[in-house]
Amino acid sequence: MGPVEQAVRDDVEQLGDLVGVEPSLTELAYRLATEIDVLTSEDNKLLANLSRELRLTLAQLLEGRAADDEDDDGLGNLAAPE
C-alpha cells in the first residue's frame with residue numbers, strides 16, 4: 001500500500017460507519033489512490049487527472065456528511081413549514 005492510499009484509508013476510517021453510497025465512493029477513492037501511488041514520473045498528465053478525480057470523490061463523500069451534520073442539532077428542521 002502506497003502513501004496516498006494509506007492517507008485516504010486513514011481519512012475514511014475517521015468517518016466511522018459508512019452509509020448509502022459512501023461505501024462505493026470509498027472504494028472508488030481507494031482505487032484512485034492506488035493508481036496515483038503506482039504512477040511513474042512520466043505520467044504527469046495522468047497524475048493530474050487522477051488527483052482531480054480523487055479530490056472530487058472525497059469531496060462528494062464529505063458533502064453527504066456535511067448535510068447530515070447540519071440536521072444533527074437535535075431540533076429537527078424547525079424552519080421548515082409543515
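**Terms and their grounds**

Guide: Glu22 touches Asp17, Leu61 and Arg65, when residues up to four places away in sequence are not counted. Such a contact means heavy atoms within 4.5 Å. The model is predicted, with local features needing pLDDT of at least 70 and side-chain atom pairs pLDDT 80 or more, while totals for chains, interfaces and linings use all residues. Residues are numbered from 1 along each chain as its sequence is written, and side-chain values use heavy atoms, leaving out hydrogens and water.

Visitor: Why is Glu22 called buried?

Guide: Buried means under 20% relative accessible area, exposed means over 50%, and partly exposed lies in between (1.4 Å probe, protein chains only). Glu22 has a relative accessible area of 6%, and therefore counts as buried. Glu22 is found in helix α2.

Visitor: How many helices and strands does the protein have?

Guide: There are three helices and zero strands, in the order α-α-α from the N terminus on.

Visitor: What makes the pair Glu5 and Arg9 a polar contact?

Guide: A polar contact is a pair of N or O atoms within 3.5 Å; within protein, one must be able to donate a hydrogen and the other to accept it, and residues adjacent in sequence count only if both atoms are side-chain atoms. The side chains of Glu5 and Arg9 are joined by such a contact at 2.8 Å.

Visitor: How do you know that the buried residues of α1 are on the same side?

Guide: The buried residues of α1 are Glu5, Val8 and Val12. They cover an arc of only 65 degrees around the axis, which puts them on the same side of α1. The arc is that of the directions from the helix axis to the C-beta atoms. On the other side of α1, Pro3 and Glu13 are exposed.

Visitor: Why is Thr57 called buried?

Guide: Thr57 counts as buried because its relative accessibility is 5%. Its place is in helix α3 (residues 44-70), and its contacts, not counting residues up to four places away in sequence, are Leu25, Leu28, Ala29 and Leu32.

Visitor: Which residues make up the largest nonpolar core?

Guide: A nonpolar core is a set of buried Ala, Val, Leu, Ile, Met, Phe, Trp, Tyr and Cys residues joined through side-chain atoms within 4.5 Å. The largest has eleven residues: Val8, Val12, Leu25, Ala29, Tyr30, Leu32, Ala33, Ile36, Leu50, Leu54 and Leu61. The elements giving two or more residues to this core are α1, α2 and α3, and α2 gives the most, with six. In soluble globular proteins, nonpolar side chains tend to be buried together.

Note on methods: Helices (H or I, at least four residues) and strands (E, at least two) are DSSP runs, numbered from the N terminus.
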